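Got your viewer open and ready? Let's take a walk through this one, stop by stop.

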Amino acid sequence: MGRLSWVLAAFVVAVLTTADAAPRQQAALDRYKAVFLYHFIGYVTWPDVEAGSDFRIGVLGNSEVTASLQKLVQTRSAGDRKLLVRTYGRLEDVAPCELLFVTTTFADSSRAIAARMDPHHTLTVTDAPSAPALVIRFLRVDDQLKFTVDLAALERAGLKASAHLLRLAIDTDS
């Protein structure tokens, strides 16, 4: 094989490796989001919890986070409560749930989502760059997954967050 062939082969390998890295990074990020969502449950207090009732997690929109969440809840619980994950394609279809992950597709409807879910004491979480009125927002900082907490939205939903969760947040809007 000539020198040009080796250079061309190395270039093709580099391009394929780089092209493959982005989907793998996104898949890892989606898994991290699912883990964060699960752990938020332990740092938030919901009012009027029925003992033994299922802990309902909703996902509004199409997201790979759903598959990671479904895998995670098979082996986990929220105290003595079984975890259930349900996906929704339209805001009108969303049933009351304790935690709702809102995909970027629905970010423009964040105020309507909050108005619909706050009376049910729902922790709303999104990965949209801007989604006013939702409680927690994921963002990437230096290739790490971080989150912010909107204290006013938390209060409107009738939820309480532990001091530990608030310390972990990179920002708490009030």
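This is a predicted model: local features need pLDDT of at least 70, side-chain atom pairs count only at pLDDT 80 or more; totals for chains, interfaces and linings use all residues.

A nonpolar core is a set of buried Ala, Val, Leu, Ile, Met, Phe, Trp, Tyr and Cys residues joined through side-chain atoms within 4.5 Å.

**Stop 1: the cores**

Which residues touch the most other members of the largest nonpolar core? Select Leu37, Phe40, Ile41, Ile57 and Leu123: they do, out of 35 residues in that core. Now color helix 1, which gives the most to this core, with six residues.

Next, click on isoleucine 57 and show what surrounds it. Skipping its neighbours within four places in sequence, you'll find isoleucine 57 in contact with Ile41, Leu69, Val73, Leu83, Leu84, Val85, Arg86 and Leu99. Another core, of 14 residues, lies apart from the largest one; Val94, Phe106, Ile113 and Ala128 are among its members.

**Stop 2: the aromatic rings**

Show the side chains of Phe36, Phe40, Phe101, Phe138 and Phe147, and you're looking at one aromatic cluster. Start with phenylalanine 36 and phenylalanine 40. They sit four residues apart in helix 1 (residues 3–41), so about one helical turn separates them. Phenylalanine 36 is partly exposed, at a relative accessible area of 24%, whereas phenylalanine 40 is buried, at 3%.

Why is the pair of phenylalanine 36 and phenylalanine 40 edge-to-face? Their ring centres are 6.1 Å apart and their planes lie at 70°, so the pair gets that label, as planes over 60 degrees apart count as edge-to-face.

**Stop 3: a charge over a ring**

Pick arginine 76 and tyrosine 38. The charged end of arginine 76 sits over the tyrosine 38 ring, 5.5 Å from the ring's centre.

**Stop 4: the two sides of helix 3**

Finally, select helix 3 (residues 110–117). Its buried residues are Ser110, Ile113, Ala114 and Met117. These cover an arc of only 95° around the axis, so they end up on the same side of helix 3. What covers the buried residues? Show strand 2 (55–60), strand 5 (99–102) and strand 6 (123–126), which are included in that cover.

Methods. Residues are numbered from 1 along each chain as its sequence is written. Side-chain values use heavy atoms; hydrogens and water are left out. Buried means under 20% relative accessible area, exposed over 50%, partly exposed in between (1.4 Å probe, protein chains only). The arc is that of the directions from the helix axis to the C-beta atoms. Contact means heavy atoms within 4.5 Å. Rings of Phe, Tyr and Trp (its six-membered ring) pair if their centres lie within 6.5 Å; planes under 30 degrees apart count as stacked, over 60 as edge-to-face and the rest as tilted. A charge sits over a ring if NZ of Lys or CZ of Arg is within 6 Å of the ring centre and within 35 degrees of the ring normal.
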